[in-house]
Amino acid sequence: MRPATRLMWLAIGAFALSLYGIASETLPAETGLWLFAALGFWLAYDLLVSQARGGWQVGLEGPGEIFAGEADEFVLWLTSAGGVPDRVSARLEWPRGLDGPEEVWFEPADGGAVALMKIRARRRGAWRIERMWLGWDSRYGLVQFCPKLPLNAEIAAVPNIRQVQSGQIDVTVRSTLFGVKENMLKGEGSEFHQLREYVTGMDPRTIDWKQSARHRALVAKEMRAERNHHVILALDNGFLMREEIGEGSNALPKIDHAVNAALATAWAAGLGGDLVGMYAFDSQPRMFLPPEPGRAGFAKLRARTAELAYESRETNHTLAMAHLHQRLKRRSLVVVFSDFVDTTTAELLVENITVLNKAHVMVFVALRDPGLEAIANAPPDGMTDVARAVSAAQMIRERRVVMERLVRMGVFVVDTLPEAATSQLISTYLTIKSRELI
């Protein structure tokens with residue numbers, strides 16, 4: 001327990017009144033002692049009549065998983081063998097990867113009390129809330145009881161697949177590959193699809209004369225874009241990708257944005273009939289999942305990316321790209337999620353991507369920092385702001401030069417804000433697939 005604000009003010013008032021009595025000699029010298037004695041008796045009586053509590057039981061109920069960067073509602077329930085006080089609050093010890101209210105208030109419920117609160121996942125991982133502190137006032141408000149209770153609740157923060165669940169990707173991919181636009185792909189692909197009766201308006205070059213002679217009717221070949229390509233999602237998990245993009249509690253590390261976009265692309269590639277694998281690296285290669293088809297492969301990718309730890313090591317692009325080059329046995333679409341801040345790192349990155357680009361189709365994904373662009377475009381109020389704006393503009397200019405160089409080498413570049421990364425990356429994948437560049 002601890003003294004409440006009311007007790008502190010009463011003690012200060014008694015002390016001030018005692019000093020006044022001594023200084024003015026208008027009150028007996030024993031006045032201060034009597035005041036503090038009365039306050040002590042009142043405090044003892046308050047503790048005596050305040051009901052002792054015990055047999056606490058507490059728990060946290062809610063969804064088993066939260067998408068990284070989002071919040072969900074949880075219910076904190078509380079029961080006690082001695083009854084729950086009428087007005088009680090709780091403070092939880094939040095781990096680094098979770099955010100929640102500093103204090104929540106309970107409301108009476110059947111046999112106890114409950115409190116509703118929203119918990120936001122700031123980082124991926126399995127986060128444990130180990131303990132909490134209760135708080136309620138005594139009957140006369142002189143002291144506050146604040147026992148510490150073990151909670152031991154575990155919440156899993158997983159990659160955000162909201163767009164996959166909403167069906168947006170399904171509609172985009174199916175309408176492009178199997179819907180109205182399918183007619184644009186038929187006849188231009190390299191993979192045989194089926195034979196069909198030739199009708200007026202079809203390209204005469206699609207007529208299969210041997211099959212037409214056999215069937216004694218004009219029969220045309222119908223082609224489609226080739227499937228079963230290998231798509232490799234390469235995630236840079238170095239310390240630069242730990243930089244948080246966003247403001248305040250909405251900030252999310254770059255690697256989490258990259259993981260979300262990678263999983264959305266994996267789902268789109270699975271719908272397109274391709275095989276998807278994943279590769280993670282930092283100072284050295286960390287994880288390689290061979291390409292697999294279908295939803296079973298997507299579930300494995302999601303599980304492994306949820307376990308991907310945040311690293312503090314500098315990325316070794318030379319070692320990572322060389323290892324990936326050895327792993328790939330056939331021409332593939334390689335999507336690299338990475339970042340750089342200096343020209344030396346950028347030069348090494350460009351050099352190694354150039355080597356891979358000779359044998360594979362490369363897509364380089366970089367996430368812009370809206371905070372950096374805001375600094376460069378903000379009106380300055382002094383010389384310090386001018387210096388910051390010039391430095392930010394220089395970094396943006398150097399970044400643009402590197403991107404333009406990659407484009408000239410034939411690399412597909414997706415340089416965008418985090419919220420637009422998924423849509424632009426899927427659009428790039430569909431473009432590559434429709435043009436049969438793999």
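**Entry 1: strand β15**

I began with strand β15, residues 230-236, and found it mostly covered, with seven of its seven residues buried. A note to myself before going on: this is a predicted model.

Next I looked up which way the side chains of β15 go. His230, Ile232, Ala234 and Asp236 point one way, while Val231, Leu233 and Leu235 point the other way. Residues on both sides are buried, including His230 and Asp236.

**Entry 2: the neighbours of β15**

Which strands pair with β15? I found strand β18, residues 275-281, pairing with β15 in the parallel sense over seven bridges. Strand β20, residues 332-337, also pairs with β15 in the parallel sense, over six bridges.

I then picked out one residue for each pairing. Ile232 has Gly277 of β18 as its bridge partner. Val231 stands opposite Leu333 in β20.

Leu10 has its place in helix α1, which runs over residues 5-24.

**Entry 3: the whole protein**

Now I stepped back to take in the whole chain. I counted 13 helices and 22 strands in the protein. Its C-alpha atoms fill a box of roughly 125 × 60 × 40 Å, taken along the principal axes.

The protein has 33 Å, whereas a compact globule of 438 residues would have a value near 22 Å.

How many of the residues count as buried? The share is 44% of the 438 residues, and the seven residues of β15 are among the buried ones. The accessible surface comes to about 23,200 Å², and carbon and sulfur atoms hold 54% of that.

Last, I looked at contacts along the sequence. Among contacts with a separation of 6 or more, 71% are between residues 24 or more positions apart.

Definitions and conventions
Residues are numbered from 1 along each chain as its sequence is written. This is a predicted model: local features need pLDDT of at least 70, side-chain atom pairs count only at pLDDT 80 or more; totals for chains, interfaces and linings use all residues. Side-chain values use heavy atoms; hydrogens and water are left out. Helices (H or I, at least four residues) and strands (E, at least two) are DSSP runs, numbered from the N terminus. The radius of gyration is taken over C-alpha atoms; the globule rule is 2.2 Å times the number of residues to the power 0.38. Buried means under 20% relative accessible area, exposed over 50%, partly exposed in between (1.4 Å probe, protein chains only). Contact means heavy atoms within 4.5 Å. Accessible areas come from the Shrake-Rupley method with a 1.4 Å probe; for residues, only the protein chains shown count as cover. Two strands pair if DSSP finds at least two bridges between them.
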